[in-house]
Amino acid sequence: MKRLLVALTYLFLYVPIVVLIVFSFNSKSFPAPWDSFTFHWYHELFHSKDLWVAFSNSLVIALTSTFISLTMSVLLIFFRASGGKVGKFLALYYGNLIIPETVLAVGLLGYFTMLNIPLGMPTLIAAHTVLGLGFVIPVLYSRYVSLDPRLVEASLDLGASPLQTFFKITLPLLRPSMIATGLLIFIISFDDFILSYFCAGSNIQTLSLYLLAVIRSGLSPVVNALSAVLFLFSCGLVMLFFSPKIRSRIF
Amino acid sequence: MQKRKEPLLGIRIFLVFFWVVFIFFLLFAPNFGATSSVRTLHIFTWSDLFDEQTIRNFEKDTGINVHFNYYDSNEELLVKLKATKGHGHDLIIPSDYSTKILIEQELIKPIDYSRIDFKNRLLPELLNHDFDPDNIYSMPLNWEVYGFTYDKEHFKGKLQNPNWNHIFQPKNYRIAMTNDPVEAFNMASFHLHGKQQHLTSSQTSIVRDTLTSQKKYIEAYGSFRITYLIATKNCPLAISSSSYSFRMFDEYPILGFAIPKEGTFVSIENIAIPAQTENDDLIYTFLNYVYRQDNIQRRCAFYAQFPPTRDGLPTLHPDYIQTFHNALKSFPEFCFFRHLAPEQTLRDIWIDVKS
Amino acid sequence: MKKHIPFAIGSPALIWQVLFFYLPLVILIFSSFLGGERTTGWGHFTLDNFKPLLKPSYLGIMFSSLILAISTATICLCIAYPLAYFIAFSAKRFKTLLLFLLVVPFWTNFLLHVSAWFFVLERGGFLNNLLLNLGLIKEPIHLLNSWFAVALMMIYYYLPFMVLPIYSALERFDKRLVEASLDLGANFRQTFLGVILPLTMPAVTVGLFLVFIPAFGEFIIPEVMGGDKFFFVGNVVTQYILGETTVALGAAFTLLSCLFLLASCSGLYYGLKLFKKLLIRRYT
């Protein structure tokens, strides 16, 4: 009985996506029923310039903001490792959870407009980095604090400089968390919609905004094909996340 | 202890200041690489006006680069233009009522008609309206009318006697309505009070009530999904612009289009030159190119807009051609969308209706 | 000089947060008190922006958002907890697979899920065609552009947010406590309500807030799945902020909704604390 309910739940989660992917091979566009197998929509997908521009924009923004977030949090931990006091300031990052993203997006829009900063790629990257910081810093910091201090002591005792200790001991110990959180904020930024809706301006098209434009004007089989591709992409990322090295340290 | 703490704080403040300046420098960076040696034309426009083929041909024939920025609504155009005080663009495409606002705010400059070779081809019906008398500042680029897109199967052929009651008091079916508060308000007002310039507050109240009572007949609000909703049999009738409708006629043969007999709205997209631009050579070359007969035909065929010249009419679906000629004949009876009440009131009413 | 290097390179993280999170919010609060044209200077201090918002319709919208968020969170909890329990306790060999299957939709773009549900729920869509072909219905059921579609999509989207924290807590749960309770004579229901639930309350709270807060500000799901017939806090904010002359009004409404949200969150938090106390008192 329990198993049936669980199976139903997973069915609920997966039926729409599977149906969407199956019909991406349909030769007739929605709302026609199944006709015959074709790769036509995939062909169109890979030739749609707008879509790829949007996709690459989203990718660039996600990669850059993930990189900046991770770098800044590592540097913050370095500051802590060198004896700085960070504890109280950590509470600053909890604001990310309390404020809905819509409020942040609206605030940023007003902020950039008031300072006459042109809305575009840099502003989006700045905004996504804020999103990422809210996750990365609390997680990495608490992970750092829970590391065994004796390892660092031992390393210093054995003659390594603080810098060497940081790079050869601390960072490798933090690496699984870094990779896991990095993946998480990458995907959050890549799929993000609300920040782009308000802060992208009219010149940058991100993947989410492109999809929204398509959905608002009806459905297109190219979106089916795109969903199949992105689904595989997500599967790949999740498999990375679940690889044994990392999984044991998260759950 | 006092002595050592002071420099620490001072240095930290300096470092913070340094980082803030650096970060903002990065944010402003795109502005600094602007001057390019290649001649570039910057056009700020709707996303469905210029088709790729025409632009590519233009770039090849003249060597001028064209760079587009897009906006989704007239409000966005106005806000962005005011924010940059008109800088950054060489051409903009305001709709009728926004042209008037732009003229009042002195954000656009007069057109030098001595450099234009197509003025006599422009349809006289589109010229000399109250938002820009004598068309000193703007020229019509495209136009479209608003009407009912309907499912021919449901209505068993052509829609008989189309009138505004079809969307305000439909019999036994649901409709799709526009999602733009200005359009919705204007339509309800026209249905109730006819052609008006401004409404009194009691008239506004009646409009609010009509829109609220319309809600029970509505399947969905959506300006872009109209044809999709009809094609998927979600509702048999919707109010939409002619271009959105005719664009999908080939794909969905069950669609029909009809203009309400009491009269309807027309929307003219005008092309205008921002006051601060200095690329006049490029601008007039572009204008003369884009108004050539073949280019007008291609552009209007792509997006199913109505052309600004009679010779620019593409050979599309017969309904499209029929509607074009009928609309031109009834043009004097049409009205434009206006801010019949202040924007705040319009949006407030819209929120009322939706909640 | 060298000793300032750590601060020099560590501070950007903090500076960034202040610059791009707190400063914009502070400016948002200030701009809701500003009158006059937005782009022609600072204007003057005024409470005028709040006056048009004191109508019952705006309060009604905030309550609608509250109801939407609470019901989404509650239903998600009811589905998520048993699911997390099953994965943590009962699924021996398939645990990784089940988790994997749970996370993948979570990591796919949410708009694709919307397209997918369109595809399924449409009048001529998958579900209706299936039911028609099976002879279970005579005419297609009207599912989209309704409350049902909005609720469905909200639950679909927010479910993983609820499952993962609860699963985390259950996974680390000391199963000997359960054994001890059963050994001491309690039946399953008593064990669950007296031992498991109270001890996993922190995770349940996290899950509830992870769903409640974003769901409160949600506007795109009601727009696409509900035919834009229902307005929530997010829709109103969008209407005003993206308008030409109504930005200050938008800022004011955002401020009011945030205060409302904060109040609801405190209510929720204390409600949960009370619930936990009651559970413990009742079952121990």
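This is a predicted model: local features need pLDDT of at least 70, side-chain atom pairs count only at pLDDT 80 or more; totals for chains, interfaces and linings use all residues.
## Starting from Asn235(C)

Leaving out residues up to four places away in sequence, Asn235(C) touches Glu218(C), Phe219(C), Asp228(C) and Phe230(C), where a contact is heavy atoms within 4.5 Å. Asn235(C) sits in helix H10 of chain C and is buried, with a relative accessible area of 4%. Here buried means under 20% relative accessible area, exposed means over 50%, and partly exposed lies in between, using a 1.4 Å probe and protein chains only.

## Ground rules

Residues are numbered from 1 along each chain as its sequence is written, chains are lettered from A and ligands numbered from 1 in the order in which they are written, and side-chain values use heavy atoms, with hydrogens and water left out.

## Chain C as a whole

Chain C comes to 11 helices and 0 strands, going by DSSP runs numbered from the N terminus (H or I of at least four residues for helices, E of at least two for strands). Of its 284 residues, 58% count as buried.

For overall dimensions, the C-alpha atoms of chain C fill a box of roughly 70 × 70 × 45 Å along the principal axes. The radius of gyration is 24 Å, while a compact globule of 284 residues would have one near 19 Å; that value is taken over C-alpha atoms, and the globule rule is 2.2 Å times the number of residues to the power 0.38. Among contacts in chain C between residues at least 6 apart in sequence, 70% join residues at least 24 apart.

## Chain C against chain A

On this side, 75 residues of chain C are in contact with 80 residues of chain A. The two chains bury about 7400 Å² between them, with 82% of it on carbon and sulfur atoms; buried area is the accessible area (1.4 Å probe) that two parts lose on being put together, summed over both. Trp16(C), Trp107(C) and Phe119(C) supply 12% of what chain C buries here, more than any other three residues.

How many salt bridges are there between chain C and chain A? The count is 0, with the rule being a side-chain nitrogen of Lys or Arg within 4 Å of a carboxyl oxygen of Asp or Glu.

## Chain C against chain B

Over here, 39 residues of chain C are in contact with 39 residues of chain B. About 3500 Å² is buried between the two chains, 57% of it on carbon and sulfur atoms. Phe7(C), Lys229(C) and Glu244(C) supply 20% of the area that chain C buries against chain B, more than any other three residues.

The rule finds 3 salt bridges across this interface. One of them pairs Asp352(B) with Lys55(C), with the closest N and O atoms 3.7 Å apart.
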